[in-house]
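Please read the following briefing alongside the sequence and the model.

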Amino acid sequence: MEIVIKLSQFLLSLSLLIILHELGHFIPAKLFKTRVEKFYLFFDLKYSLLKKKIGETEYGIGWLPLGGYVKISGMIDESMDKEQMALPAQPWEFRSKPAWQRLIIMLGGVTVNFILAFIIYIGMAYAYGDSYISNADMKDGLLIENQAMINAGFKSGDKIVAVDGEKIVRFDKEISSKIILAKDVVIERNGIEQTIKMPNDFIDQLSKFEKAPLVAIRVPFAITEVPTESLNKELKAKDIIVSLNGQKTKYLDEVQSVLEKNKNKTIPAVVLRNQKEVAINVVVSNVGKMGVSIGALGLETLEKLGYYKITHQKYSFLESIPFGIEKGKDQLVGYGKQLKMIFNPETKAYKQVGGFHAIYNIFPSSWSWEVFWSITAILSIMLGVMNLLPIPALDGGHVMFLLFEIVSGKKPSDKFLENAQMVGFVLLISLLLFANGNDIYKAIVGK
């Protein structure tokens with residue numbers, strides 16, 4: 001069932017993005033009276049799963065889920081229809097239209113991608129609001145268990161003050177993305193601020209260790225079950241350990257530290273039980289364990305216990321517009337930085353480029369519309385940015401040649417465009433093989 005749910009989200013998101021992207025080309029083409037011969041979701045090499053011709057356009061679904069396309073008459077594209085291009089240009093063909101109209105047609109797809117992302121963020125702000133912890137309330141700092149973060153110089157209890165000069169006002173899920181892209185991070189440790197210079201190959205280092213959050217809120221040692229074979233019968237489910245061996249242990253990591261130092265001992269403890277503190281003794285095993293199961297407490301429970309103050313922000317429709325636009329802008333800038341790191345060999349970020357399997361794995365194993373729309377918005381931005389790259393065969397390649405034509409007044413020859421299209425196609429296939437090859441490699445080596 002987990003595979004079905006993830007695959008359903010993956011295909012739905014991919015299909016939505018492809019259809020809307022191609023619609024961005026289709027609509028201006030129709031407005032400028034340019035004939036569109038095909039409109040396809042997925043590629044129909046040799047044959048299609050479904051197809052129906054309405055007017056002059058054939059609409060269909062292909063069998064190869066690597067994208068989609070609209071075939072516009074008189075345009076040099078992946079179809080490489082040289083026979084049509086050898087004939088005299090017709091008024092309804094792409095090549096007969098003014099350069100500015102052709103430019104609008106080519107920019108239509110990425111424009112829709114960016115607009116879609118902003119609309120999603122606006123809709124999410126209105127539907128779900130926003131929840132976060134003020135950074136000022138993170139008085140005891142964060143939990144740092146990711147080995148790459150520890151190697152970079154972070155410790156549990158550190159408070160993130162600023163990232164690349166940007167002051168951190170609130171702790172939310174975006175902070176990890178900011179740290180990944182950062183050059184330096186200012187932390188507060190034991191009341192003293194210091195700067196940590198992030199390694200150039202930090203993204204590569206992340207892949208070498210077990211997947212763990214870069215940063216997380218510190219939580220209490222909350223017991224969920226005491227097995228019958230446990231030596232600590234005095235402990236009960238829902239107990240929270242607040243003191244151990246005379247040392248205050250507000251957080252789980254503090255409990256683990258005390259246990260590690262007291263192996264094979266019986267030590268005094270204080271637990272919070274039914275909102276009252278109860279003194280007991282606990283037995284610590286030779287590996288620093290108490291033989292109990294622990295679990296995470298929800299944010300509402302943590303707030304009731306006085307650990308954190310959660311801010312829940314609701315937005316009216318009008319208020320959600322600037323918030324959504326700002327969120328979209330931040331994601332766009334962030335992805336631009338990621339792309340820059342990928343093309344910088346020093347960062348080794350190119351090793352983490354993934355293909356379809358990597359995208360599939362982003363989706364959760366349980367259905368969540370909030371997560372689905374959040375991922376779809378990010379993918380829409382990625383699709384828009386990638387299509388703008390000045391590579392022949394991509395929208396950005398066509399735009400590059402059109403801008404040259406507009407500025408110089410000279411249109412590149414059809415032969416040149418055909419050759420450029422072939423070069424671009426080879427580059428795209430190479431990138432596709434590299435990205436999906438990375439997926440296969442990681443599946444084999446387990447990282």
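In this predicted model, helix α1 passes helix α11 in a right-handed crossing, a term that applies if the near helix is turned clockwise from the far one by less than a right angle. Residues are numbered from 1 along each chain as its sequence is written. Local features need pLDDT of at least 70, side-chain atom pairs count only at pLDDT 80 or more, and totals for chains use all residues, while side-chain values use heavy atoms, without hydrogens and water.

- The contact (heavy atoms within 4.5 Å) involves Q9, L12, S13, L16, L17 and H21 of α1, together with W369, F372, W373, T376, L379, S380, L383 and N387 of α11.
- These contact residues divide into 8 nonpolar, 6 polar and no charged.

**Helix α12**
- Helix α12 (residues 395-408) has 14 residues and reaches 20 Å from its first C-alpha to its last, close to the 20 Å expected at 1.5 Å a residue.
- Its buried residues (under 20% relative accessible area, 1.4 Å probe) include D395, H398, F401 and E405.
- Just after α12, G409 takes a positive phi of about 80°.

**The whole chain**
- The secondary structure comes to 13 helices and 17 strands, and 43% of the 447 residues count as buried.
- The C-alpha trace spans about 90 × 50 × 45 Å along its principal axes.

Methods. Helices (H or I, at least four residues) and strands (E, at least two) are DSSP runs, numbered from the N terminus. Ala, Val, Leu, Ile, Met, Phe, Trp, Tyr, Cys and Pro count as nonpolar, Asp, Glu, Lys and Arg as charged, and the others, Gly among them, as polar. The expected span of a helix is 1.5 Å times one less than its number of residues. Buried means under 20% relative accessible area, exposed over 50%, partly exposed in between (1.4 Å probe, protein chains only).
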